[in-house]
Amino acid sequence: MLEFLQFTLSGISFGAVYAAVALSLVLIWRGTRILNFAQGAMAMFTTYIALEVIRGTGSYWAGFAVALAAGLVFGALAEVTVIRPVEGKPPLNAVIVTIGLLVLVEGLAGIIYGGQYRSFPAAFTVTGLRAGRSPLGISWFDVFTVLAVLAAAAALAAGFRYTTAGLRLRATAFDARIARLLGVRVGRVLTLGWALAGLLGALAGLLISPSTFLYPNSMDSIFVFGFTAAVIGGLDSPAGAVAGGLILGVLLSYAGGYLGSELTPLAGLVILALVLTFRPDGLFAGVRLRRV
Amino acid sequence: MSSAALSVGSLAAGYGGVLALKDVSLTAAPATITVVLGANGAGKTTLLRTVSGLVRPRAGRVLVDDTDLTGRPPEDVARAGVAHVPEGHGVIAELTVEENLRLGAMSWRRDGRNTGRAARAAAVAAACDRFPNLGRRRHKPAAVLSGGERQLLAIARALLARPRVLLLDEPSLGLAPRAVRQVMELISQLRAESGLTILLVEQNARGALAIADQGVVLSLGTVVATADAGTLAADVALRHHYLGY
Ligand SMILES: Nc1ncnc2c1ncn2[C@@H]1O[C@H](COP(=O)(O)OP(=O)(O)OP(=O)(O)O)[C@@H](O)[C@H]1O
Ligand SMILES: [Mg+2]
């Protein structure tokens, strides 16, 4: 019973990170119908930047803030420089460009920082929390991870709902042609979407790296899990992405805990295959309004 | 140039290898309704799309109040004062009625009038008052509206952009006769009250000519007749040949 609780709680913590990656992928997908294969790699790179800043300033939070800002800038830059030319072109063009970006960013990281595993600090202590005598299997940093992702998701939801920029983003996601006819500068809106996605990715990198180490490929599996979470949520739904991340995190935690941690990646693939086969529009399809 | 609110000169446009418009010219005086008629596939929708920038012209000019908008992207054309209600209305069903309306009032050009947040909100509120069927459901997704109500919403949203030129593509398509009359009445009111220049594409030639000042008949991408609405309505041969009534 205690074990079950531990697996659940740590699953939620990892799931929050998958949720952040999923949310970033959904933001991009909704605006541009592009799956950004470089999303994880960009997050890896901003985490290296955080590490440099933390070493230079001695302040974790300075590194944290700089990485988020770098995520914003990289996201926007990626959209303006390499994505803009393939928007509206056949989907394969965008696939090739984002995979190219993935290779480029991981290659650059290898050249600049080398391939060795680096430990990355956590914002709070990673010693386990206890309820009375029983270890809960999570730390204050896990609590922070979940709260940070939920706060980011809530801020995003509020921004979508209550700001004019958010309304422009949603209008563009639903019907870019109509948005343009209403004077929305869709190019800027897409840049904003990529920037926000870059920020979420950077957050995911900061939150996961204390438990995975940091190296040029360190975000690859997180990207795959984030993508799986996005698919569970239907790729189009921000709320679905968050739910999908948490569900996946918990399922993978049970698989790793009860069946053996070497089975976690395989379990992730099985879940992805099952969802794509039986619920290709996501677990929550049909609940949302039909796209027109 | 002239005093035309909208002037289209020798416009050519198409899709891929097909030219859907060949050498189309028309001018519309301020505060008039010009109805564009023609059979299916004549190029009416393409004409509106080319004016609003959705389709790039291959040749020719588009001028609005003597501002050259030829080949500009749709968001720029919209911001220059051209509102396009596309075929099938273009209401965003997933957004609420109010959000659709707010989108209309989001890109006002600076023309001396107040463009602040409060002014926009007031404009949206005024639209809700003017169209009570929309106002009552302002917080519901537009998906709950009927076809006629969606058409009204699309027109209301276009008006909120404070346009100088309004392009309407078959606003009566698929509506019940009562809703058609309502939409046609609204269109003629708009011209009277706000000095708007309207380019109206309609299959319902009789109803449209009744409220229009001028008519343009397209066939296979070229203008086959331009005349004032009364003259066109009285031209039996033309009506039989191109308008089918
Ligand atoms: N997106 C498109 N791609 C390719 N060809 C198109 C496209 N849209 C229209 N066409 C072609 O261009 C020509 C003009 O079409 P258009 O839609 O402008 O006609 P229309 O007068 O609006 O017709 P309708 O009364 O049926 O709405 C037609 O031959 C049509 O097949
Ligand atoms: Mg048409």
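This is a predicted model: local features need pLDDT of at least 70, side-chain atom pairs count only at pLDDT 80 or more; totals for chains, interfaces and linings use all residues.
## Around ligand 1

Residues are numbered from 1 along each chain, chains are lettered from A and ligands numbered from 1 as written, and side-chain values use heavy atoms, without hydrogens or water.

In all, 14 residues surround the ligand (a heavy atom within 4 Å), and the closest include B:Lys44 and B:Gln203. Helix 1 of chain B, residues 44–52, gives the largest share, 4 residues (helices are DSSP runs of H or I, at least four residues, numbered from the N terminus).

## Polar atoms at the ligand

B:Glu87 puts a polar side-chain atom 2.7 Å from a ligand 1 oxygen. From the backbone, an N or O atom of B:Gly41 sits 2.8 Å from a ligand 1 oxygen, and a polar atom of B:Gly43 is 3.0 Å from one.

## Where chains A and B meet

The contact draws on 22 residues from chain A and 23 residues from chain B (heavy atoms within 4.5 Å). There are 3 salt bridges between the chains (a Lys or Arg side-chain nitrogen within 4 Å of an Asp or Glu carboxyl oxygen). A:Arg170 pairs this way with B:Glu99, with the closest N and O atoms 2.8 Å apart.

Note on methods. A polar contact is a pair of N or O atoms within 3.5 Å; within protein, one must be able to donate a hydrogen and the other to accept it, and residues adjacent in sequence count only if both atoms are side-chain atoms. Helices (H or I, at least four residues) and strands (E, at least two) are DSSP runs, numbered from the N terminus.
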